[in-house]
Amino acid sequence: MKARSAITALRAALPTYQIFAANTGVGKTIFSTTLCRAAVDLPLRTWERQALRQDQQMEQGGRSVYYIKPVQTGYPEDSDARSPRRHVETYCPKVHASTIFTYKEPAGAHITAVRENKPVTDDELLIATQRSLDEAFSKSSSAMAFLETAGGVNSPVMSGTLQADAYRPFRLPTVLIGDSQLGGVSTTLSAYESLLLRGYDVAAVLMFDSPRYQNHEAVLRNIDRNVPMFLYAPPPDMPRPRDPRAGLTLDDRMLDATNMMVYYGEADAVSQNVVTELLDTHKARINRLEQMAAEGERKIWWPFTQHNAVKTPTVIDSAYGEFFTTYNSTVSEDSSSSVQSTSLKYDACSSWWTQSFGHADKDLTMAAARASGRYGHVIFPECVNEPSLQLAERLLETAGSGWASRVFYSDNGSTAMEVAIKAALRRSELELTKAGKTVQGHLGVVGLEGSYHGDTIGSMDASNPNVYNEQINWYEGRGLWFTPPTLAIKDGQYRLRLPSWVPDPESAPSFSSIQAIFDVNRRDEPSKLLDAYVAHINSQLSKYLAVKGDLGALILEPLLLGAGGMQFVDPLFQYALIRAVRELDTPLPVIFDEVFVGFHRLGLGFDSPGSQLLFGELPDAACYAKCLTGGLVPLSATLVNDKLYDCFLGETKKEALLHGHSYTAHPVGCQVAIASLKKYQALKASQTTGIALYEGIGGGFWSDSLVTQLSSLSHVDGVVALGSVLAIELVATDKGYASGRASRVIERLRREGVFARPLGNVIYIMSPIIAASSEHERKNATMVGNTVLEIISRN
């Protein structure tokens, strides 16, 4: 992995701070200068000296200080004694100062970049800045760096991106320069809150003292008490030229230089306190990161994890876009030094299948903040609030279009399934009673082997006995589960894998594209395969009903069994199964568990893959979570039709659905989900081809070439490429979730900057859904795909 994955924002040996300002003209460069002076003159801290080897201590004369100005407008015409770089170099001669991108016109960078035809992308800005930091790190054994931004916190960079967003992948700790002028309380607090909303750590606030306005007092009352504020005397005014047309004379400039030299001398004491605070904060951060892996292992109980098998926990310092920022405590082979730093790792599991737009998406963050500020949390039974109502309306218009009438909110996929199961079983029980049957014992469910519907007891009982439930004392599988026919790409073609119950399974067809798999002619035209499906389904249903009792629901994960190993189930079989249960004497309600596959995971435009791709069969209930909120906060929804909802209407409360939790329909989650659905709609609208199945085998996301190469490897059993999901099944004697076949590949991927998790002998890569919107957004996923191919080819 290259490009952004090479970003190293934190190094123990290079304390680095980014200097943001509340506005332009608040003295940012003056503060940068005085901090550089203090950093140069301040003796090395004890931990800095201890980090040096003995030979370095003999050579080290002090701390090297780097001043980096990534963007400068008004250059070089504005390079007088008070322009950033020259000013810093003039009053701090020992500093290593550099400017990266320069523009002549003194205007916003987004304007000058266009006018001067010198465009710079955000990636180019990050890479160039990283290069300057790398150079500082390589040249000095003990150093400190300051990155001075341009304008205010939300001033745009060359691309038009706000600089608070453009620099966010670094997430450098920040020194905020406050505004001491009239109106400065508002601009300072707005800048402060903008930084916090984006996940920055504000290490200190610096301001000029203004006895007239006393802005610092109002600011101090409204920021975190743990954020120190340092006040400086205001700098001397620049001399006014006697003749404005002629500008400053040499004497004027000499006077200004003398005044500033005196000023900096007087400010040094305060600045040394600031730099001491910054160095101590940096060291405390490193210490905490060093301890987190061990402390986490001692105090946290991780889900789906055998603690005895964990070698080194991954410390995630932050996340942004498609990447984690992880901390590395790398000790040299001779143990003489430790390179403590952060690096980026691609989130190849979409943080357990939740990410749609990348981590820390600004729109979703703002939606959460807005709802939190408006509501916090409010009770839901017998109440309605705007986020919960608006989300229900949107869900019924999208995933529930054409069939659903009600939305029940809960907190995660498993509890959403509990609601659906309760509703479906109530419906079946009433229908059986109407038909004159006496329901004896528990109603069973119909499903697929390899299914997984969550970890609450009811949802677990709706799955066949498997590795997820076999150790649970209360587990009691209740139902009939079919071994499904599945599809996987081998040697560049989708091949149908038929179970042994299909006559002549070796004659299974293959498909050259995804479109062919979903061709309605497979449903409409007579075929031996469909006949075999129907015959087997009806046979098994008849046997179960005759021997074990009544059934109450069909539960399907449409198309892709996620936790079951990313198995792509033949949609024709799922269609046949739905038709069969609906043709029983007492038809069964159908539940779509779309917690994983719902809302575009299997392709941009597919809110409900089950409703849209199973040859016209619609559910009676469907469950959504994960991508519902774009991956920011937990929330789930169970959509039902009137047949299920009406079963809970009656004269007494005990006839109601007595199910819920304290945070049902919490406004923050609902507002974030609304923002996510709006973003999905915008992505769909941007697609010129409209909603359609993609040609080829790459699912419209992964290249056909990559998928073909992976599927042609001798030690790969098959590949599935649907939407943003790419799953590679390795040849193994011990298949299934408990298999350790993929562990070596996973270790290699993580070393190469790809954080992946296995599903037994299956390796899967899952990119954010936004990556499907364009080639530009897909570039990181493409690099990851190539990395996976390279590593699997060697393993």
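A charge sits over a ring if NZ of Lys or CZ of Arg is within 6 Å of the ring centre and within 35 degrees of the ring normal. Keep that in mind for the opening stop of this tour.

Before you start clicking, note that this is a predicted model, in which local features need pLDDT of at least 70 and side-chain atom pairs count only at pLDDT 80 or more, while totals for chains, interfaces and linings use all residues. Residues are numbered from 1 along each chain as its sequence is written, and side-chain values use heavy atoms, with hydrogens and water left out.

**Stop 1: charges over rings**

Select Arg-406 and Tyr-645. The charged end of Arg-406 sits over the Tyr-645 ring, 4.0 Å from the ring centre. Now move to Phe-357 and Lys-679. Here Lys-679 lies over the face of Phe-357, at 5.1 Å from the centre of the ring. Keep Lys-679 on screen for the next stop.

**Stop 2: from Lys-679 to Asp-363**

Colour the helices to see where the two partners belong. Helices (H or I, at least four residues) and strands (E, at least two) are DSSP runs, numbered from the N terminus. Asp-363 is in helix H12 (residues 362-374) and Lys-679 in helix H22 (residues 667-685), so the pair links distant parts of the chain, 316 residues apart. Lys-679 counts as buried at 18% relative accessibility, whereas Asp-363 is partly exposed at 42%. For these words, buried means under 20% relative accessible area, exposed over 50%, and partly exposed in between (1.4 Å probe, protein chains only).

**Stop 3: a salt-bridge network**

Select Arg-579, Arg-582, Glu-583, Glu-617 and Asp-620, which are linked in a network of salt bridges. Zoom in on Arg-582 and Asp-620, whose side chains meet in a salt bridge of 3.2 Å, N to O. This pair links distant parts of the chain: Arg-582 is in helix H19 (residues 571-582), and Asp-620 is 38 residues apart from it, in the loop between helix H20 (609-613) and strand S21 (621-624). Arg-582 is partly exposed, with a relative accessible area of 24%, while Asp-620 is buried at 10%.

**Stop 4: around helix H5**

Next, pick Glu-105 and Arg-115, another pair whose side chains meet in a salt bridge (2.5 Å, N to O). Glu-105 lies in the loop between strand S3 (96-102) and H5, and Arg-115 in helix H5, so the bridge ties together parts that are ten residues apart in sequence. Arg-115 is exposed at 57%, and Glu-105 is partly exposed at 26%.

Then step along to Asn-117, in the loop between helix H5 (109-115) and helix H6 (122-139). Its phi is near 55 degrees, a positive value in a residue other than glycine. Most residues other than glycine have a negative phi. Asn-117 is exposed, at 62% relative accessibility.

**Stop 5: Ser-350**

Is Ser-350 buried or exposed? At 1% relative accessibility, Ser-350 is buried. You will find it in helix H11 (residues 350-353), with a positive phi near 45 degrees.

**Stop 6: an aromatic cluster**

Show the side chains of Phe-304, Trp-352, Tyr-452, Tyr-468 and Tyr-737, which form one aromatic cluster. Rings of Phe, Tyr and Trp (its six-membered ring) pair if their centres lie within 6.5 Å; planes under 30 degrees apart count as stacked, over 60 as edge-to-face and the rest as tilted. By this rule the count comes to 26 aromatic pairs. Tyr-452 and Tyr-468 have ring centres 5.0 Å apart and planes at 55 degrees, so the pair is tilted. Tyr-452 lies in the loop between strand S12 (444-448) and helix H15 (457-461), and Tyr-468 in the loop between H15 and strand S13 (479-482). Tyr-468 is buried, at 16%.

**Last stop: the cysteines**

A disulfide is a pair of cysteine sulfur atoms within 2.5 Å, and by this rule the count comes to zero. Select Cys-623: the nearest cysteine sulfur, that of Cys-627, is 15 Å away. Cys-623 is buried, with a relative accessible area of 0%.

Methods
Salt bridge = Lys/Arg side-chain N within 4 Å of Asp/Glu carboxyl O.
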